[in-house]
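Hi everyone, thanks for coming along. Please get the structure up on your screens, and we'll walk through it together.

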Amino acid sequence: MDEQIKEKILSLLDQHRIMTIATLRPDGWPQATTVGYVSQGLTLYFLCGLESQKAANLARDDRVSLTIDHDTSDLMAITGLSMAAHARPVTDRAEAEKVLRMLPLKYPDMQAPPMPMPSPDEVRIFRVIPTVITVLDYSQGFGHTD
């Protein structure tokens, strides 16, 4: 991967806190859901309920597609990321605890979380490893991707 593109990807990951992730339902239809995320390098993490549809979908098929972007009133200011990835459960307790400590750091303006952070036993945490990453940057031209 080109170093300049990698820096752009890392910058976009740092600028955002939510992503839309699509998993595959049992009937084959995609299910897109908005979730919060944290990242370390190009690895992303998100959490969901133990019995959630996302967790069930990923137990059957770990392939996901996701987007990270933001709304803008300027058409030519659209930027974002699109990824094809594998999302696998985090089973190492130390890694899970680290992810849970990272989440509140994405919200530096928040005085205190509105509720206690869950423990690794109360949620399912997924590690997302991208296989394809596309950078969308309309400032380089309508529909421009790298």
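Predicted model: local features only at pLDDT ≥ 70, side-chain atom pairs only at ≥ 80, totals over all residues.

Residues are numbered from 1 along each chain as its sequence is written, and side-chain values use heavy atoms, with hydrogens and water left out.

Let's go to the inside. A nonpolar core here is a set of buried Ala, Val, Leu, Ile, Met, Phe, Trp, Tyr and Cys residues joined through side-chain atoms within 4.5 Å. Buried means under 20% relative accessible area, exposed means over 50%, and partly exposed is in between, using a 1.4 Å probe and protein chains only. How many residues are in the largest nonpolar core? There are 24, and those with the most contacts inside it are L13, M19, L44, F46, I68, L81 and V128. At least two residues of this core come from each of α1 (3–15), β1 (18–24), β4 (43–49), α2 (53–60), β5 (63–69), β6 (79–89) and β7 (123–137). Those labels are DSSP runs, numbered from the N terminus: helices are H or I with at least four residues, and strands are E with at least two. Another core, of 10 residues, lies apart from that one, and its members include V38, V90, L100 and L103.

Now find F46. Contact means heavy atoms within 4.5 Å. Not counting residues up to four places away in sequence, F46 touches, among others, M19, I21, L58, A87, I125 and V128. G36 is one of its contacts too. That glycine sits in strand β2 and is called partly exposed because its relative accessible area is 28%. Leaving aside neighbours within four places in sequence, G36 is in contact with R17, I18, Y45 and F46.

Next, the pocket. On a 1 Å grid over the protein atoms alone, a pocket is an open set of points where a 1.4 Å probe fits, with protein on both sides within 12 Å along at least five of seven lines; lining residues have an atom within 4 Å of a point. Which residues lie nearest the centre of the largest pocket? They are L47, L103, Y107, M117 and P118, out of 14 lining residues. By class, the lining has 13 nonpolar, 1 polar and no charged residues. β2 (30–36) and β4 each supply at least two residues of that lining.

Let's finish with some single residues. K106 lies in the loop between α3 (93–102) and β7, and it counts as buried because its relative accessibility is 14%.

S52 is in the loop between β4 and α2, and at 17% relative accessibility it counts as buried. A polar atom of the S52 side chain lies 3.1 Å from the backbone oxygen of G49. S52 and R124 are 72 residues apart in sequence, yet 8.9 Å apart in space, C-alpha to C-alpha. For D137 and S52, 85 residues apart along the chain, the C-alpha atoms are separated by 33 Å. D137 lies in strand β7 and counts as buried at 6% relative accessibility.

Methods: Nonpolar A, V, L, I, M, F, W, Y, C, P; charged D, E, K, R; others polar. Polar contact = N/O pair within 3.5 Å; in protein donor to acceptor, adjacent residues only side chain to side chain.
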